[in-house]
Amino acid sequence: MNLKLRALTKSLWVFHAATSPCNNCDIEILDALTPRHDIERFGMVLAGSVRHADVLLVTGVPNYKTKERLKKLYSQAPKPCLVAAIGNCACGRIMFKDSYNSPCPVDEIVPVDVYISGCPPKPEAIIAGVVKLINKVTSSAKGT
Amino acid sequence: MSHKIVIPIGPYHPLQEEPEFFRLYVDGEKVVDIDIVIGYMHRGIEELSEHNHFDQVPFLVERICGICSHSHPNAYVLAVEDILGGERNVVPERALYIRTIIDEMQRIHSHLLWLGLAGHFIGYNTVWMWAWRYREPILDMFEMITGNRQHYAMCKVGGVRRDIRPQDIPILRKALDELVPVIDMFKGAVMDDPVIQARLKGIGILNRQQAIDWCAVGPTARAAGLDIDVRRDEPYGVTDRLKWNVIIEKDGDIFAKTKVRILELYESINMIRQCLDKLPEGPIDADIKDIPPGEGIGRVEAPRGECFHYVRADGTNRPIRHKIRAPSYMNVASNKVAAVGGTISDAAITLAAVDPCYCCTERTAVLEKGSEKKIMNGFDLIKLSQEKTEKIRNNKDNRD
Amino acid sequence: MIKEEVRKRLGNKIKDWHKHGLRRVYFSFEPRDVKEIVAILFKELGMRFATASGQDTPAGLEIIYHFSFDKTGEMFSGRVLIKDKARPEIDSIANLFPGAEWIEREMWEMLGINFKGHPNLKRLLLAEDWPEGKHPLRKG
């Protein structure tokens with residue numbers, strides 16, 4: 001495993017991009033940071049700017065306003081940047097797919113590496129999803 | 001104005017949930033004007049609602065906001081029951097009690113959430129961590145009763161979907177009993193701390209007349225001395241059968257808003273206890289089949305204020321118009337007067353004080369007219385706020 | 001009683017007055033009277049403006065102004081019908097009190113109703129590049 005990947009998977013810094021969610025997934029993300037779940041013990045920190053982040057956590061169904069922002073955020077992120085779609089909205093738009101203000105799902109805007117479903121996913125599910133993401137990255141690195 | 005500087009806050013911010021965009025116009029340290037841009041959360045729910053039948057809409061409106069995810073379905077079913085002849089004539093007794101219990105539990109969880117975020121904004125991260133930690137038992141109770149930590153899906157037209165099992169009641173009582181000393185601690189920590197007082201008193205004032213003009217609702221209006229609370233003015237659930245007080249403050253500053261919310265936590269706990277005492281036996285659902293043509297209005301006191309739903313039916317199985325007015329819609333607009341006249345370092349807490357689903361920035365750019373350009377990231381604004389607290393704290397220590 | 005008071009003050013400007021349940025009153029009035037009626041309800045009778053809801057109906061565009069009298073918890077909903085669907089216009093109430101500013105902006109973009117005299121009529125919820133003349137809540 002190369003050094004870059006090793007550094008990446010040791011401590012993931014996450015940036016949280018809310019693309020018109022209902023807040024719940026975002027609260028659960030923050031919840032994962034607070035004492036009960038304390039995701040910081042795994043080296044995960046919420047980054048203030050996407051330029052410092054390794055993982056982009058996307059929640060919600062993008063609308064015409066946030067779609068462009070999400071594209072911009074992804075282009076600003078240092079690569080490799082992993083993307084996690086959190087919640088059913090980000091995974092598949094569920095009941096909002098017929099809305100006039102919902103142009104496309106998240107994975108048509110940015111490449112998604114892990115889908116964490118649930119409405120909202122529990123903090124445990126978010127942690128489990130991120131662990132799967134780490135395993136995916138390390139195992140694919142070993143394979144090549 | 002020659003030195004007018006524009007500070008955009010938003011739409012993305014590391015800690016807040018919803019993207020919102022504020023454009024602060026500042027002169028030196030002072031905020032002289034503010035432009036609020038919303039719409040980053042717009043999903044067209046009002047229009048979608050017209051394509052879903054009456055029993056599907058509660059699930060849709062629940063997803064308007066994750067924090068008050070009981071208030072919106074509750075207001076919607078009240079509106080539909082208003083068409084049917086009023087909640088009291090339609091809904092079974094036990095369901096009324098269960099609705100009130102869930103409503104008040106949601107208020108506790110929401111106010112604790114806000115308290116934590118407010119603590120963070122002024123540099124008390126301990127308050128943030130504590131508040132969110134003590135919020136967890138309430139979420140556990142939600143999971144026990146409704147099956148989900150958030151999005152409870154309890155309301156349906158004519159009743160509630162799930163019953164509270166008898167074996168759950170002692171557990172819920174115990175959780176409430178354990179919460180009281182925690183709120184006592186918060187009350188002491190927030191209200192008696194001279195540094196917090198220095199940061200919050202006299203800041204972000206929305207006075208009584210401004211609250212009327214901007215049609216503010218909820219704790220924002222009550223902190224400004226307006227005596228309004230839907231739970232008392234137009235009782236829904238069983239709020240008129242319980243003994244509780246409407247908390248009113250006069251000052252309209254952030255301290256008053258904080259105080260209203262903390263004291264409301266006690267009232268909510270008290271209300272849930274009374275509901276559990278009185279909880280009658282019986283059915284929980286009236287099994288409504290058809291919705292006749294007509295129009296109805298449902299109002300609920302969400303944690304942030306009055307949540308308003310207007311539903312019109314034409315005799316088919318879908319609403320033909322569903323207007324939703326969330327409380328933050330009125331309160332966020334009132335930031336325009338609350339934040340103007342303050343300093344930049346107070347802006348973060350002032351904008352957060354109405355408990356909006358507020359969100360600031362992915363980066364903040366300070367544009368000095370024409371030439372100089374400075375990029376700050378989202379933490380810097382909070383950092384500015386936290387540094388101010390630190391300064392006040394140090395000054396206090398030196399004097400002591 | 002506030003209901004009688006409202007009826008007396010608004011006089012013959014209102015029609016179709018009807019009560020629904022204990023706390024709901026609906027009435028309709030002509031678009032040209034909107035400022036006067038809103039001023040009486042809001043300024044003189046001390047009601048709180050809850051919101052306004054616009055709707056596209058076959059007869060025209062309808063706006064309902066919802067006012068809440070918080071002392072008794074009654075809602076007074078005044079309805080106006082703008083018959084001209086091609087160029088709907090009504091006086092803005094946002095210069096009477098600022099709390100109505102956002103909702104008028106929202107109705108302007110959702111239904112295409114022009115509010116005459118609105119201080120700041122621009123997009124509120126939709127994206128900046130949303131096509132002109134396309135209104136999500138218009139039917140057909």
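Let's start with confidence in chain A: helix 1 (residues 3–10) of chain A has the lowest mean pLDDT, 75, while strand 5 (residues 114–116) of chain A has the highest, 93. Here pLDDT is the predictor's confidence in each residue, from 0 to 100. Helices (H or I, at least four residues) and strands (E, at least two) are DSSP runs, numbered from the N terminus. Chain A averages a pLDDT of 85, and 98% of the residues score at least 70.

This is a predicted model, where local features need pLDDT of at least 70, side-chain atom pairs count only at pLDDT 80 or more, and totals for chains, interfaces and linings use all residues. Residues are numbered from 1 along each chain as its sequence is written, and chains are lettered from A and ligands numbered from 1 in the order in which they are written.

Now for where the chains meet. Chain B puts 35 residues in contact (C-beta atoms, placed from the backbone, within 7 Å) with 34 residues of chain A. These elements of chain B each give two or more residues to that side:

| Element of chain B | Residues |
|---|---|
| helix 1 | 45–49 |
| helix 6 | 125–146 |
| helix 16 | 378–399 |

Helix 6 of chain B brings the largest share, four residues.

Finally, take a look at B:I320, which sits in strand 8 (residues 319–325) of chain B. Leaving out residues up to four places away in sequence, B:I320 touches B:E50, B:R312, B:A313 and B:D314. B:R393 is 73 residues from B:I320 in sequence and 57 Å from it in space, C-alpha to C-alpha.

Conventions
Two residues are in contact if their C-beta atoms, placed from the backbone, lie within 7 Å.
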